[in-house]
Amino acid sequence: MSSATTTVPADALPLSRALTANRLPKWAPAAVAAGSIALGCAIGAVGGLASHLQWGLISALLFVLISYALSAKVEGRRQAKDRFATSVVWVAFILAVVPLVALTVYTIQQGIGVVNGYFLSHSMKGVISSGPGGGIYHALIGTLEQVGLATAMAAPVGLLTAVYLVEYGRGKLAKVVTFFVDVMTGVPSIVAGLFILSLWNLALGFGYSGFSGSLALAILMMPVVVRSTEEMLKLVPNELREASYALGVPKWKTILRIVLPTAIGGITTGVMLAVARITGETAPVLMLVFGADYINSNPFDGPQQSLPMYIWQQYSLVNNDFGYARAWGAALVLIAFVMGLNLIARGIARWRSPKAGH
């Protein structure tokens with residue numbers, strides 16, 4: 001009776017050794033990061049580099065190189081390549097996050113001292129631009145009305161367009177619609193403003209109003225809604241449609257009762273993100289709404305203010321500390337509004353996700 005022996009094939013030996021090779025401890029990346037930051041700051045200080053941004057870039061480069069060299073020495077080249085890719089991803093993430101965090105923190109520092117009940121409930125009527133006082137109430141009303149009208153126009157059209165492209169679109173017409181949606185996605189806001197100015201104001205003779213700005217904002221919002229809704233509808237399994245058709249349900253009712261409710265979470269998220277995208281637009285509002293220092297609750301008659309235009313007007317007052325303070329306060333309110341929309345979108349997406357059972 002011969003005894004059975006287990007042998008490792010020759011071609012599998014390198015892989016076996018790779019799987020049992022030495023590994024860096026879990027705290028190694030943090031230690032390398034700390035050492036890279038210290039070394040980068042030292043190099044920047046010794047080299048006389050005044051910008052801390054340069055110090056940070058040197059530290060990031062050292063982190064990637066040291067991580068790769070240390071991993072290659074201890075773990076081998078195969079694992080070192082994985083460490084290198086991971087390090088590059090982390091550096092790219094930090095480079096993207098740091099400016100956003102710095103912008104948010106700086107805006108809060110500059111604007112938190114201005115935002116209060118008076119600032120949110122008063123307009124600039126009767127207030128000297130170079131003096132204290134005044135608020136953003138008129139700009140808040142204008143922004144809410146203009147964005148609301150743009151959403152009321154763009155969301156239904158974008159939703160129906162996406163339904164056509166996914167459920168009915170076949171042939172040349174669908175390709176043409178898709179092409180123009182892609183083109184509209186990259187249209188600058190100033191072009192949309194010029195189009196509405198030429199057509200609505202100059203050709204048809206309408207004056208400055210919040211509705212004119214809403215038309216331009218709707219043009220900018222529509223392709224975003226179409227693209228996001230289209231992707232969400234494509235994620236709905238075809239088995240749901242086929243099961244509905246097998247029961248004799250018409251196609252339109254299947255879309256209305258099965259497809260749209262299934263994708264409603266993603267659709268709502270896309271619409272909210274599109275709203276957040278147009279909230280900060282300044283160029284079309286500047287051209288079409290014209291701006292006002294008083295409260296105008298009627299978006300269809302007369303000039304109207306908005307938060308982006310208010311920020312630009314206040315900050316354009318040269319050597320005016322009161323104007324700068326009001327601009328930073330309005331910027332803080334605008335960022336809070338956009339962040340709120342994004343949080344609502346995230347919440348709706350999580351609430352309507354399949355994991356939540358809805």
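Radius of gyration here is taken over C-alpha atoms, and the globule rule is 2.2 Å times the number of residues to the power 0.38.

**Entry 1, overall form.** I am working from a predicted model. I looked up the radius of gyration first: the protein chain has 28 Å, whereas a compact globule of 358 residues would come out near 21 Å. I then boxed the C-alpha atoms along the principal axes and got roughly 100 × 75 × 35 Å. Burial came next: 35% of the 358 residues count as buried.

I counted 14 helices and 0 strands in the protein chain.

Two packed helices are described by the angle and the distance between their axes. I picked H6 (residues 137–168) and H11 (residues 251–279): their axes come within 9 Å and cross at roughly 140°. That angle makes H6 oblique to H11, since only angles over 145 degrees count as roughly antiparallel. I noted the crossing of H6 past H11 as right-handed.

On the H6 side I listed contact residues including Thr 143, Val 147, Ala 150, Leu 159 and Tyr 168. On the H11 side, the residues they meet include Lys 251, Trp 252, Ile 255, Val 271 and Thr 279.

Key:
Residues are numbered from 1 along each chain as its sequence is written. This is a predicted model: local features need pLDDT of at least 70, side-chain atom pairs count only at pLDDT 80 or more; totals for chains, interfaces and linings use all residues. Side-chain values use heavy atoms; hydrogens and water are left out. Axes are lines fitted to C-alpha atoms, for helices over the stretch in contact, and angles run from 0 to 180 degrees between N-to-C directions. Helices (H or I, at least four residues) and strands (E, at least two) are DSSP runs, numbered from the N terminus. Angles under 35 degrees count as roughly parallel, over 145 as roughly antiparallel, 65 to 115 as roughly perpendicular and the rest as oblique. A crossing is left-handed if the near helix is turned anticlockwise from the far one by less than a right angle, and right-handed if clockwise. Contact means heavy atoms within 4.5 Å. Buried means under 20% relative accessible area, exposed over 50%, partly exposed in between (1.4 Å probe, protein chains only).
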